[in-house]
Amino acid sequence: MPTPTDAVRPITLDEIRAARTRIAGTILRTPLVRLELGPGQPDIRLKLENLQPINAYKLRGAANAVALLPESERRRGVWTISAGNAGQGVAYAARWKSWTTARRAGSSTAPGPVRIFVCEAYHD
């Protein structure tokens, strides 16, 4: 019997490149900036994913997941149970592609009204 970890495997460089191509029109290419800590300190770079339209890196994964859906599933609409960054990413990605979206489904946590509003604002 398969276990949930059976699907866990290393991601190949080709898969990363393919995902980059799929999401290129949905996400922004964000800068990598050096964090200046002074002489003798480690070289640390920051990826400014807060510059994405939803202010979070989760748009990358959400846009890729939405783009991978077969057309038959896209026509039924895209659902999310998250009103957080992941939910905003799914709603934004679906709207960007002009696919039907669905408002978030309920969850056991109670997100703030602002987050729910943002998810619903991406609803067509």
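Select R17 first: at a relative accessible area of 42%, R17 is partly exposed, a class that lies between buried (under 20% relative accessible area) and exposed (over 50%), with a 1.4 Å probe and protein chains only. The model is predicted, so local features need pLDDT of at least 70 and side-chain atom pairs count only at pLDDT 80 or more, while totals for chains, interfaces and linings use all residues. Residues are numbered from 1 along each chain as its sequence is written, and side-chain values use heavy atoms, with hydrogens and water left out.

D14 is exposed, its relative accessible area being 59%. Both residues belong to helix α1 (residues 13-23), where a spacing of 3 residues separates them by about one helical turn; helices here are DSSP runs of H or I, at least four residues, numbered from the N terminus.

Next, select E15 and R9, whose side chains meet in a salt bridge of 2.6 Å, N to O. E15 is partly exposed, at 28% relative accessibility.

Then move to R34 and E36, a salt-bridged pair with its closest N and O atoms 2.9 Å apart. R34 is partly exposed at a relative accessible area of 38%, whereas E36 is exposed at 58%. The structure holds 6 salt bridges.

Key: Salt bridge = Lys/Arg side-chain N within 4 Å of Asp/Glu carboxyl O. Helix = DSSP H or I, 4+ residues; strand = E, 2+ residues; numbered from the N terminus.
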